[in-house]
Amino acid sequence: MSEHCSDVKQISILLAEAKDLAAASNQNGGEPKSLVVCFGEMLIDFVPTVSGVSLAEAPAFKKAPGGAPANVAVGVSRLGGSSAFIGKLGDDEFGRMLNDILKQNNVDNSGIRFDPDARTALAFVTLRADGEREFMFYRHPSADMLLTESELETDILNQAKVFHYGSISLISEPCRSAHVAAMRIAKSSGAILSYDPNLRLALWPSAEAAKEGMMSIWNEADIIKINEDEIVFLTGGDDPNDDNVVLKKLFHPNLKLLVVTEGSAGCRYYTKEFKGRVPGIKVKAVDTTGAGDAFVGGFLSSLASDHSILKDENRLKEALYFANACGAVTVTEKGAIPALPSKEAVAQLMKQVVVASS
């Protein structure tokens, strides 16, 4: 009983403080210095209208905008923050649709380039009975792979307070060189570098190439978010729940924060000064596509308004709890970008948790 009361008290405290962080993020969202710039792929997800079937068995598909970095950019904006996206789309119907979606969600799209010869990437995403997903990609090559260093919008990069990216843009040239150059420009302008490797083995030539590519920029990041499957992959099969594995094999000297997401169970966090766990929020999952991106968007919306949360464990936990809630709201609907929450939706879910726990 006392443990239950303690949990309720912790959730109540995290709720109150997370709301304060969200409010601060919203107030500061319009200032260029709080800009979150996301780099990489944006594509169309085709999701079966029926869960628990293979692609061949699916009676129909619903198209939804996606791509992890673009999801994060929209996620930040939906929460009242300021965000921009840098990437390349095909000069086709889907590419123009995605560009319009960024504009509709108040994401700065001045870093978007269009390729007249390559198509916008497509991904068919199967939803298993448990809500987890499997991917089949059409990128041979797609426009996002063809962004060049000379096409980078450096003005946006110079304004970034946080620069966020994944690893898919590292798979092939010329996008890899553009990615590395964008990191260098943002870092030199004082941005925090945020990295979500977002393992998609099907896109890499081999598992070895994936590991080498993902780790090639590992030591440049200030913040890294990974999940348990990625720990197993990157460490060669080690226990993802072992703190020693995480700290010895994945935490590098320049890292300010390493976050391990655990789905509905919450997340673990590691800094040079402290480590711990933040509880998750359990909901009925309809589609887990975009949950990790919603988590990242939620956390970066807090971080962009105040870098000092990385040094204050209590405030860090509050920001991570808010991020957990963002992920929880997202899995209750199908698709990635369509399901990303507003700050009001996140606050409503957190209130429901407190009521249900009391």
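Just after helix 2, Gly 80 adopts a positive phi of about 95 degrees; helices (H or I, at least four residues) and strands (E, at least two) are DSSP runs, numbered from the N terminus. The model is predicted, so local features need pLDDT of at least 70 and side-chain atom pairs count only at pLDDT 80 or more, whereas totals for chains, interfaces and linings use all residues. Residues are numbered from 1 along each chain as its sequence is written, and side-chain values use heavy atoms, with hydrogens and water left out.

Helix 2 (residues 68-78) is mostly covered, with 10 of its 11 residues buried (under 20% relative accessible area; exposed is over 50%, partly exposed in between; 1.4 Å probe, protein chains only). Among the elements covering these buried residues are strand 1 (36-39), strand 4 (83-90) and helix 9 (291-305), where contact means heavy atoms within 4.5 Å.

The largest nonpolar core has 55 residues; such a core is a set of buried Ala, Val, Leu, Ile, Met, Phe, Trp, Tyr and Cys residues joined through side-chain atoms within 4.5 Å. Helix 10 (residues 313-330) supplies the largest share of this core, 10 residues. Another core, of 43 residues, lies apart from it and includes Trp 204 and Leu 255.

The structure holds 17 salt bridges, each a side-chain nitrogen of Lys or Arg within 4 Å of a carboxyl oxygen of Asp or Glu. One of them joins Glu 151 and Lys 88 (3.1 Å, N to O). Glu 151 lies in the loop between strand 7 (133-138) and helix 4 (154-159), and Lys 88 in strand 4, 63 residues apart. Lys 88 is buried, at a relative accessible area of 7%.
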